[in-house]
Amino acid sequence: MRVFVAVAAEQSFTQGGRRIGISNKQASKMIQRLEQELGCQLFNRTTRSVALTDIGRAYYERCQPLLDQFDEVEEAVKNRHRTPGGVIRVTAPTGFGEQILTPALAPFLRQYPEIQVNLNLTNVPLSLVDEGLDLAIRVGSPGDSTMMARKLAPMRLVFCAAPSYLVEHGRPQSPEDLGRHKCLIDSNFHSGNLWPYQVNGDIRRVRVSGPFAANTPKAACDMAVAGLGISLTPLYAAGPMVARGELELLFEENELEGVGVYALYPHNRHLSARVRVLVDYLADYCRDLPQ
């Protein structure tokens, strides 16, 4: 089962075997034996690729949580009197990862020297199961109903602009006025140039446009500080600039509710000790983020 999961994750007998310390030939033979025992084909094989069949995919989705639970039991016994150790594979958005998560991990790794973190920063939501990841950090809403989600902290999405922009172009009186202003787009938002806001609990959207778009919130905030437009961004990105007086918050009463920082992991996956201590640590750390 471990060989099967490794080959499925790597989509290669060679890489899958290497992952668990056996040869390509051994991995291939063990998969053949497994298929014979199950009476079905788990992989479609060509000279260039190895891909799961439909039944192979269904088997993989059942195997992975079983192996995770076995590993958790084994790890609990082995590490009963030891500090957590091992590799944690984490994915997070680029902006949040660079500004918040990476600085947070430094003291964590000093506290748990036997833990290694493999961090994948990307603005493309990755499949935890397909990519062999232990944890995903999301900013905004969890977004994936197939995952368990723990809210680490609330995270405001704020409208902000530089005082110089407001002097030059005037202060918008409501979010509806944003359609007549220069706006700086954070392309990570699924809504794109349709910016959401709420009025008495009713979610509305306004179509915006402007001279700049970027896939990281700090870039949009930097342009806002330069007086080039209005930004809709997570408070973690704008907070230091607001504190220094470089940006002013707008329409605070119209900010969306329920936005936060979330830790996601598969429904059927029991958290290992190392992942659990990381999630708990991040929950404590994120309580001190600007709110």
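Student: Phe251 lies in a loop; between which strands?
Tutor: This is a predicted model, in which local features need pLDDT of at least 70, side-chain atom pairs count only at pLDDT 80 or more, and totals for chains, interfaces and linings use all residues. Residues are numbered from 1 along each chain as its sequence is written, and side-chain values use heavy atoms, with hydrogens and water left out. Strands are DSSP runs of E with at least two residues, while helices are runs of H or I with at least four, both numbered from the N terminus. The loop holding Phe251 runs between strand E13 (248-250) and strand E14 (260-266).

Student: Is Phe251 buried or exposed?
Tutor: Its backbone has a positive phi of about 50 degrees although Phe251 is not a glycine. Buried means under 20% relative accessible area, exposed over 50%, and partly exposed in between (1.4 Å probe, protein chains only). Phe251 has 7% relative accessibility, so this residue counts as buried.

Student: Asn200 has a positive phi too, so which class does its relative accessible area put it in?
Tutor: Happy to compare! Asn200, not a glycine either, has a phi of about 55 degrees and sits in the loop between strand E9 (194-199) and strand E10 (202-207). Its relative accessible area is 81%, so Asn200 is exposed.

Student: Which backbone nitrogen lies 3.0 Å from a polar atom of the Ser12 side chain?
Tutor: Ser12 is in the loop between helix H1 (2-10) and helix H2 (13-20), and counts as buried because its relative accessibility is 17%. Leaving aside neighbours within four places in sequence, Ser12 is in contact (heavy atoms within 4.5 Å) with Val7 and Val50. The backbone nitrogen 3.0 Å from its side-chain polar atom belongs to Gln15.

Student: How far apart in space are the C-alpha atoms of Leu52 and Arg244?
Tutor: Leu52 lies in strand E2 (residues 50-52). Not counting residues up to four places away, Leu52 touches several residues, among them Phe4, Phe43 and Tyr60. Arg244 is 192 residues from Leu52 in sequence, and their C-alpha separation is 54 Å.

Student: What is the distance between the end C-alpha atoms of helix H10?
Tutor: H10 (residues 273-286) has 14 residues, and its buried ones include Val275, Leu278 and Cys286. The expected span is 1.5 Å times one less than the number of residues. That span should be 20 Å, which agrees with the end-to-end distance of 20 Å.

Conventions. A polar contact is a pair of N or O atoms within 3.5 Å; within protein, one must be able to donate a hydrogen and the other to accept it, and residues adjacent in sequence count only if both atoms are side-chain atoms.
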